[in-house]
Amino acid sequence: MDDCIIIGAGPAGLTAAIYLARFHLSIRLFDSGASRAALIPCTHNHAGYPDGIRGTDLLARMLTQAEAYGAVREQTEVVSIDRVGEEFEVVTAKGRHKARTVLLATGVVNNRPKMPDALHDEALDRGLLRYCPICDGYEVTDKRVGVIGTGDHGMREAIFLRGYTQDVTLIAPEAAHDLDPACAAALDEAGIAHVDGPCGGYAIEDDRFVVDTASGRLAFDSVYPALGSVIRSELAVSTGARASDDGCLEVDDHQRTTVPGLFAAGDVVKGLDQISHAMGEAGVAATTIRNLLAERTPLRR
């Protein structure tokens, strides 16, 4: 039986693996290969990398560090988590595994505009398509920026980006915007254009990302989809953990969910979706797990 099974090998899961392995605990790390951090072409927000670092490179470094202390990553998808007394049984596509505790670090999935995967990935790699204004708003300073979205969420993302550039356009993903008078007024006051859709015809032309709209074909230096995301919390929810209406897991100050022994860290928890924040939560969760297990059975070496 493992002391802890970690589900998810993004920044939160790998940080927890490093901590728990260095606590001399037996851990198992399951990775479905879908970390959102792997999609980052180059992050300049993460402290310690003045020239920035690619998401895949950061994850590879973190995995190497975890493996140096005995952590082992297994490439498989977790199907379910069952609570058996004070312990858990984690079912994967390859088998069943028992653990004294479980840490969920499954993150979220961004809702993407409908376009071919090859185009999406090329635009993302070239910085023509971006998903996180907090991460890389600095990189679009004084550039021409499009935001695909509507309603309160789209309005707020467009206004956030207006802090970096005067040239921001909010484009409705469907036929017409869903903007109440307050949203429309806020956009107008900020000098943000809002045009109707449907949004489509995506392409890369002359180092710009182009989009068809009701106002014609528009070209941008970068486009931000503000289409929301899907929180991957269903494993914990099906085990009985409480979540918010949008699916974010509820945790206390020590990253404990409402199910004893089940912890969560990173973007699957409500908070700031940033690598540094996820890593901090993972450190808290891992230390709490260590102390919980020590209370149950004194640790000796």
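Predicted model: local features only at pLDDT ≥ 70, side-chain atom pairs only at ≥ 80, totals over all residues.

Q: How many salt bridges does a search of the whole structure find?
A: The search finds 20 salt bridges.

Q: Let us take arginine 217. Which residue forms a salt bridge with it?
A: Glutamate 205 is the partner of arginine 217, and their closest N and O atoms are 3.2 Å apart.

Q: What about arginine 242, which side chain does it meet in a salt bridge?
A: Arginine 242 meets the side chain of glutamate 250, at 2.9 Å from N to O. Arginine 242 is partly exposed, at 49%; the cut-off for exposed is over 50%. Glutamate 250 is partly exposed as well, with a relative accessible area of 33%.

Q: Which residue pairs with arginine 256?
A: Arginine 256 and aspartate 252 form a salt bridge through their side chains, with an N to O distance of 2.7 Å. Arginine 256 is partly exposed at 38%, and aspartate 252 is partly exposed at 30%.

Q: Changing topic to helix H6: which of its residues are buried?
A: In H6, which spans residues 181-190, the buried residues are Cys183, Ala184 and Leu187.

Q: Why can they be said to line one face of the helix?
A: Seen down the axis of H6, the buried residues fall within an arc of 95 degrees, so they line one face.

Q: Which residues are exposed on the other side of H6?
A: Pro181, Ala182 and Glu189 are exposed there.

Q: And what covers the buried residues of H6?
A: The cover includes helix H5 (151-162), together with strands E9 (168-171) and E10 (193-195).

Q: What caps the N-terminal end of H6?
A: Aspartate 180 does, with a side-chain oxygen 3.1 Å from the backbone nitrogen of alanine 182.

Q: Finally, which residue takes a positive phi just after H6?
A: Glycine 191 does, with a phi of about 75 degrees.

Note on methods. Residues numbered from 1 in each chain as written. Heavy atoms only, no water. Salt bridge = Lys/Arg side-chain N within 4 Å of Asp/Glu carboxyl O. Buried < 20%, exposed > 50% of the residue type's maximum accessible area, 1.4 Å probe, protein only. Helix = DSSP H or I, 4+ residues; strand = E, 2+ residues; numbered from the N terminus. Arc of directions from axis to C-beta. Contact = heavy atoms within 4.5 Å. Polar contact = N/O pair within 3.5 Å; in protein donor to acceptor, adjacent residues only side chain to side chain.
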